[in-house]
Amino acid sequence: MPTKRFFRFLLLAIVLYLFANQTQVGWLYIIFSLLIGIMLMSYWLNRKAIHSLQVTREIDWRDEYVEGESLVVVLTFVTSHRLSGYQLRIDELCPVADLNGEQFLQQWFIPSLNQPVGMPHAASAGEAQHTVPLENKIEYEVELYKRGVYTFPAVEISSRFPFGLFERNNYKENLVPDDCLSLLVYPEVRPLSHLNLLDRRPAAEMVMPRAGSGNEFLSLRPYRYGDSPRHIHWRSVARTGRLVSKEFADESLPGMALIIGRYVVEVEKDDDAQENIGRSKYTPFETAVKIAASVGDYALQRGHALTLIDQNDEAPRGAVTADMLLQYLARIDESTAEQAFSDALDRVQQTCVAAVLPFTDPAAIDSLIALKQRGHEVLVIFLDSESFPEQDVSGRGVPCYAQGPAHWTPKLVELGVECYTIKFGDDWTEIISGRDQHD
Amino acid sequence: MTALLAKYRSRKNAPAETSLELRWLLFGGMAIAIIGLGITGGIFMLPFAAVALIILWFGHRYASRNCRAPSKWVKRGVFLAINFAFLYMMVGLAVGLPYPQGQMAMFGMALISWEMMNRGNMYAGWLFVLANLHVTATLSRGFFFFVPLLIAAGCFLAFMWVIEKLDAADAGYKPVAEPKPFWSSFKPSLNLATNKEMAPIFRWGASFGGMAFLVGIVAFIAIPRFAGTPLVPPFTLRVPMSGGAQGQIINPAVPLVQVEGVNNSEAGEYYHGFDSQLDLSYRGGLSTATMMYVRSPARSYWRSHAYDFYNGRSWVQSAGDAVTIVDKNIAEPSFMLTQDPPPGEQFTQTFYVVNDLPNIAFVGGSPVEIFIPAEQIAIDSTGGIRLGEVLESGMTYSVRSVATRYDPALLRLTGFDYPLDIRAKYLQLPDTVTQRTRDLAADLTAGHETAYDKAMAIQEHLLTSYPYDYFPPPQKPNSDSVDQFLFVDQTGYCEHYVSAMVIMLRSQGVPARLVSGFGSGQYDAINNLFEVRALDAHSWVEVYFPGYGWVPFEPTPGWTGSPDISNINTWILGGAMSAIDLPAIPFGAIGSAVATVFSVTLTPVLIIGLLVGLWFAGRWAWQRYQDYLATRPPVYTKLQDLDQQPSRGQVLTHYRKVQKQRDALRDPEQTTQEHADIYTDFDELADLVDIAAYRPEPPTDEELNKVLE
């Protein structure tokens, strides 16, 4: 592709030709001819500039990559062509880096690849010549900015060798091993010292019959806000003149269900878009993911069975391991929910439910209250989205609700729901690990 | 216009160029251009070149150290110095100094080096290098120019290489290694296994240099050349000749004491044919001194004038100093020699006078127009062009001519019906012409019915029967020169052969005359020049044919040239190919066609290109203006315009009123926001005031009501 400089060069040559024609000065024809020669040869050399150039991207391979850790990437440029590998402009897009940081797009200039010990073409039969090709390595260390699934795009190489008259672009990629092409970065897990939801529960409750959300009738009790109208015992109402609800035996499974609130946004998911690229980690949802990871990890460490509830049914079924938890949380997208949060809660069967909500959807909160009414132990962690510098940088938008956590928290606490509100900058491990607010 | 101005300002305020690599390379290119010009210009130019080099060195030194904060006084000084150099050039041209334009080019470039502050300046610096090389190329007469050209080209390419590195850095590309200046890589060893720093340069540089050179040679051979009338007529800055045209021929090399038969001139290269009389008793050869260079796309004899009257020992012009004066047309840069040029291809020759020559303009072919710095010229009776002053060394003039060619078959068809004036003048024979001369002519032409065949028969006899000799025996007293040549000496030089042919033709009733001038000279394909030396001074025969005019003949043996005009070369190998019988591959015709198409289409293409360019430039300027309008800061609404937008006035009035009511007047130095910082209940009102004062759209009713309520 000719550059602007080429056209200036061409214009100069044409002017010289005009001068030569007008003055009939032979040397001007020679200068013009030399310019033509330079342009043609520049084109030819430029075509060779990245010919047979191979690029290898190597990453320090580990079992797991966790947000905040550093990653070492090595790019190796190799060519065996003697006219290749000059004035290389390297554009390396590092998706695991901060979008707004310097390392997201890194650019290097390689004047020429290092001189080989011997050239391949120089080797003749019977001669033990070195055939080390021209090679250059670029190594850089980058912080894994945010959890997610990342695919390294191809390294872009261009060259305007030799004099900037032509530009040649090419995309070369050869990752070793191949599965390094995609990188799964786990969210950050912070250790919790305590979690009321799990730690305050007496062991006896795990075996004694108690009220819950089962089908077997257990007893009658006065109506409480949030009880289903279908559970009202109308004969007692007629007899006593007060609302009385039926109570059922708790048939829930032991363990904890963990659910993160995902926004329901009426947009099509862009499957081709680079996942997680370009998003800030300082959004309510990203903090929610970290909190969920920490809460889940705590439950698993305490030996509780952990079940994940997802609005899209994307979570693994049944009890999950730590790896499964982190893999799920690494991939979860904030605004692609197909099902309402309240609907997803219908699938909860576990005794304890931990819900991390980056929003204050009244319907979702009503569902959580209902869950509590049915006898589940419920932990609700709100993210105060107003306090966060960024709400959502995906460009898809998030719904807004009139009432924030400050409105709902007292109500939930009043109904016996364990509830925390996390603001941006809070040490949420301390807040969540705090002792029971009712104690 | 605003956008253009902004662009100009941005360039003017371009970042200072601190790269020493670039500066050294530019200095190298400029220095070699000055040195090349100095050497090409000769001994007189060398001191100027030395001074220019010193100025150049200090200029770059100053620019390198002060590129971030150049002195205005230096800038003014450079401006004055360049103007002074230009003035010097004009004076030099007036007084006839050698190559004042070359000196101007050198000093201009040296002075401009003081202004090489940013990269844009440096690019412009290379244009100055090119301009100097152009001047050197124009003055160059040999192959030496290859040396400065290749070195300057090398510096330029290295400059471009470094620029590429710097451009990458400017675009945000980090170097993988600590950048080092290119000279740190230089090692004398050519062993690439050990000289790793230089290996890459050799590796591609050899390929590039060699191939670029070869491609350049092919391009040089293949590109078409222009041979017709130049778009910009040849001109010279030289002050026009002061004297009016005169009929007398002034030969600057004419010896003070003319000893018959010997050329003893010490004043210069004196050819006795460039005079009003040609004495056939002269003897001796001429030197190899270069008299002039002729840049011409066709080989030709360079004719000066002719002689019509023979007195037995010499030739003279019977009309003497009688000439026709031709004044320069004010509207034209040239003298038209004929309003009715003969049919045929036209070609332009440019003559560079190296040694002083007589006040005769030498021309090739049939001249149509002459571009020469004179107010008047004179045409003698034989078509010779005489000037007011002698042709001094360094003088340049151009001639547009028709390449007249004659078909022998057509010439044979012409009869002997000559005009009376031609008969009267060109059939003249003196009494000294011997009977045996007439008899020989009759014998040679016996059986030849046409004038052309008679001329060819005599020419053939002279070419084959008489050996050439610069030093024939001395002319005997009271003898006829032609008779002595033909029957006594039987050897001689060109004037003797020509005289013999003219006299014999006249004796057979065919009008003929002796013409003097220069042979075409040695052709230099690289320089595209004919080098005409003193020994190329020559004479030949012109025979008159009714309907065709004067046709040249060459009776002198051993002379390699031909009075016929060669094919007009419209590419470098045109001449060579014309000598090879390749009828199936009409290279010359293709070249001519390309050149013709080029010459015919260039003017309309230029006009169309100019119009299209103007249209694009206008569109571009309009777009930039629209962009500016779209992004320009909001215009203040004048108070008198508030009536048109009442909400603005309403807000401002309310603002003043509230200030008074609350005794919270704003100081004139305070902005509304600073005032609101002190009186916090003014927050919303201050925002609205800013909207009313500065936003292009006036406050909406909603905004207004919110605050006013």
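These are my notebook entries on a predicted model, written as I looked things up.

**Chain A, overview**

I started with the make-up of chain A, which comes to 10 helices and 17 strands. Of its 439 residues, 52% are buried. I then looked at contacts between residues at least 6 apart in sequence, and 76% of those in chain A join residues at least 24 apart.

**Aromatic pairs**

Next I went through the rings. I have 45 aromatic pairs down for the structure, over all chains. I looked up A:Y17 and A:Y29: their ring centres are 6.2 Å apart and the planes sit at 70°, so I logged the pair as edge-to-face. A:Y17 is in helix α1 (residues 4-23) of chain A and A:Y29 is in helix α2 (residues 26-48) of chain A, so this pair ties together parts 12 residues apart in sequence. Are these two buried or exposed? A:Y17 has 12% relative accessibility, and the cut-off for buried is under 20%, so A:Y17 counts as buried. A:Y29 comes out at 0% and is buried too.

My next pair was A:W108 with A:Y140, a tilted one with 5.6 Å from centre to centre and 40° between the planes. It links distant parts of the chain, with A:W108 in strand β5 (residues 105-112) of chain A and A:Y140 in strand β6 (residues 134-143) of chain A, 32 residues apart. A:W108 is buried at 7% relative accessibility, and A:Y140 is buried at 6%.

I also noted a cluster linked by ring pairs, and its members come from both chains: A:F9, B:Y123, B:W126, B:F156 and B:F159.

**Charges over rings**

I checked two charged side chains against tryptophan rings. A:K411 has its charged end over the ring of A:W408, 5.5 Å from the ring centre. In chain B, the charged end of B:R76 sits over the ring of B:W73, and there the distance to the centre is 4.7 Å.

**A:Q87**

I wanted to know where this glutamine sits. A:Q87 belongs to strand β4 (residues 86-93) of chain A and is buried, with a relative accessible area of 1%. What lies 3.4 Å from a polar atom of the A:Q87 side chain? I found the backbone oxygen of A:P162 there. Leaving out residues up to four places away in sequence, A:Q87 touches residues of both chains, including A:F109, A:S158, A:R160, B:W161 and B:E164.

I moved on to chain B and an open sheet of three strands, ordered β2-β6-β5 with antiparallel pairing. The edge strands are β2 (277-279) and β5 (309-310), each pairing on one side only. Between β2(B) and β6(B) (residues 314-316) I have three bridges, and B:Q277 has B:V316 as its bridge partner in β6(B). Helix α14 (residues 494-507) of chain B lies across β2, β5 and β6, at about 70° to β6(B).

**Helix α13 of chain B**

How many of the nine residues of α13(B) (residues 481-489) are buried? Seven are, and the helix is mostly covered. Among them are B:V482, B:D483, B:F485 and B:L486. The buried residues pack against β5, α11 (435-445), α12 (451-465) and α14 of chain B. B:D480 caps the N-terminal end, with a side-chain oxygen 3.0 Å from the backbone nitrogen of B:V482. After the helix comes B:Q490, which has a positive phi near 55°.

**Strand β18 of chain B**

My last stop was β18(B) (residues 537-545), where nine of the nine residues are buried, so the strand is largely enclosed by the rest of the structure. In a regular strand, side chains alternate between the two faces of the sheet. I sorted the residues by side: B:A537, B:S539, B:V541, B:V543 and B:F545 are on one, and B:H538, B:W540, B:E542 and B:Y544 are on the other. Both faces are covered.

I then listed the partners of β18(B). β15(B) (residues 512-518) runs antiparallel to β18(B), joined by seven bridges, and B:V515 has B:W540 as its bridge partner. β19(B) (residues 549-553) is also antiparallel to β18(B), over five bridges, with B:E542 bridged to B:P552. β18(B) and β19(B) make a hairpin with three residues between them, and in the turn B:G547 has a positive phi of about 90°.

Methods. Residues are numbered from 1 along each chain as its sequence is written. Chains are lettered from A and ligands numbered from 1 in the order in which they are written. This is a predicted model: local features need pLDDT of at least 70, side-chain atom pairs count only at pLDDT 80 or more; totals for chains, interfaces and linings use all residues. Side-chain values use heavy atoms; hydrogens and water are left out. Two strands pair if DSSP finds at least two bridges between them. Helices (H or I, at least four residues) and strands (E, at least two) are DSSP runs, numbered from the N terminus. Contact means heavy atoms within 4.5 Å. Axes are lines fitted to C-alpha atoms, for helices over the stretch in contact, and angles run from 0 to 180 degrees between N-to-C directions. Rings of Phe, Tyr and Trp (its six-membered ring) pair if their centres lie within 6.5 Å; planes under 30 degrees apart count as stacked, over 60 as edge-to-face and the rest as tilted. Buried means under 20% relative accessible area, exposed over 50%, partly exposed in between (1.4 Å probe, protein chains only). A charge sits over a ring if NZ of Lys or CZ of Arg is within 6 Å of the ring centre and within 35 degrees of the ring normal. A polar contact is a pair of N or O atoms within 3.5 Å; within protein, one must be able to donate a hydrogen and the other to accept it, and residues adjacent in sequence count only if both atoms are side-chain atoms.
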